[in-house]
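Please look at the sequence and the structure before reading on.

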Amino acid sequence: RLRRLVRDGPARLTRPAAAPPQQKDDLFAGAEKFAFNAKSATEVNLDKNMLGMAGKFVDDSDDKNGADLAKKMDLVIVREYQYDKEGQYNLADLEEFRNRLESGGWSHLVKERSATSSTDVCVKTDSDGKFSELVVIDAEPKELTFVHLKGQMSMEDLMKAGGKYGAPNETKKDLKLKTR
């Protein structure tokens, strides 16, 4: 590269293209603080363009239901943090994100609490009664997961997806029992 600089001058050097910005999710803004003590942190940021490409790839496989759901999505955001031992993240910090769901037009499908774990599954619906957004916050002693799906999806779409793209991997019967 140095020889080329000397030979051709600085105008001939090409710069790598700038990476496109990651999909921003205001709902989970600040979640990166949970990475502080984590042994691993995973971030998935898929916008409509990326989902379109994923949908084409999946469409060629045996997962037709996953491809159909990918085509309906506008964004998929996942944040997952894994810890070596219990107590490495502050449960009180999690309340900030739950409070965002309590205000802002979200409806709880699942709100489960135990001494060691909790799960929140919340949705927003459009005027046609279809889900426009789905959020999952799952907190376990050594793992914390945030999922945000945005697009046009039905409960049937989510059930067919069977846990792909962060959708709850539960049967219709299980969800009906939890929402009663």
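Strands S5 and S6 form a hairpin, with two residues between them. The model is a predicted one. S5 and S6 run antiparallel and are joined by nine bridges; in this pairing, Ala 139 stands opposite Leu 144 in S6.

S5 also takes part in a hairpin with S4, and here five residues lie between the strands. Gly 129, in the turn, has a positive phi of about 85°. The pairing of S4 with S5 is antiparallel and extends over eight bridges.

Strands of a sheet pair through backbone hydrogen bonds, in a parallel or an antiparallel way. In this chain, six strands make an open sheet in the order S1-S2-S6-S5-S4-S3, with antiparallel pairing. Strand S1 (40-47) and strand S3 (107-113) are the edge strands, each pairing on one side only. From one strand to the next, the twist averages 5°. Strand S2 (residues 73-82) pairs with strand S6 (residues 143-153) in the antiparallel sense over nine bridges, and Leu 75 stands opposite Lys 150 in S6. Helix H4 (residues 91-102) packs on the sheet, where it touches S3, strand S4 (118-125), strand S5 (131-140) and S6. The direction of H4 makes about 155° with that of S5.

How much of S5 is buried? Nine of its ten residues are, so S5 is largely enclosed by the rest of the structure.

In soluble globular proteins, nonpolar side chains tend to be buried together. The largest nonpolar core of this chain has 20 residues, and those with the most contacts inside it are Phe 28, Phe 34, Ile 137, Leu 144 and Phe 146. S2, H4, S5 and S6 are the elements that give two or more residues to this core. Leaving aside neighbours within four places in sequence, Leu 144 is in contact with nonpolar and other residues, including Phe 34, Arg 79, Tyr 89, Leu 94 and Asp 138.

The chain as a whole has six helices and six strands. From the N terminus on, its elements follow the pattern α-β-α-α-β-α-β-β-β-β-α-α. Of its 180 residues, 36% count as buried. The accessible surface comes to about 11200 Å², and 49% of that belongs to carbon and sulfur atoms.

Methods:
Residues are numbered from 1 along each chain as its sequence is written. This is a predicted model: local features need pLDDT of at least 70, side-chain atom pairs count only at pLDDT 80 or more; totals for chains, interfaces and linings use all residues. Side-chain values use heavy atoms; hydrogens and water are left out. Two strands pair if DSSP finds at least two bridges between them. Helices (H or I, at least four residues) and strands (E, at least two) are DSSP runs, numbered from the N terminus. Axes are lines fitted to C-alpha atoms, for helices over the stretch in contact, and angles run from 0 to 180 degrees between N-to-C directions. Contact means heavy atoms within 4.5 Å. Buried means under 20% relative accessible area, exposed over 50%, partly exposed in between (1.4 Å probe, protein chains only). Accessible areas come from the Shrake-Rupley method with a 1.4 Å probe; for residues, only the protein chains shown count as cover. A nonpolar core is a set of buried Ala, Val, Leu, Ile, Met, Phe, Trp, Tyr and Cys residues joined through side-chain atoms within 4.5 Å.
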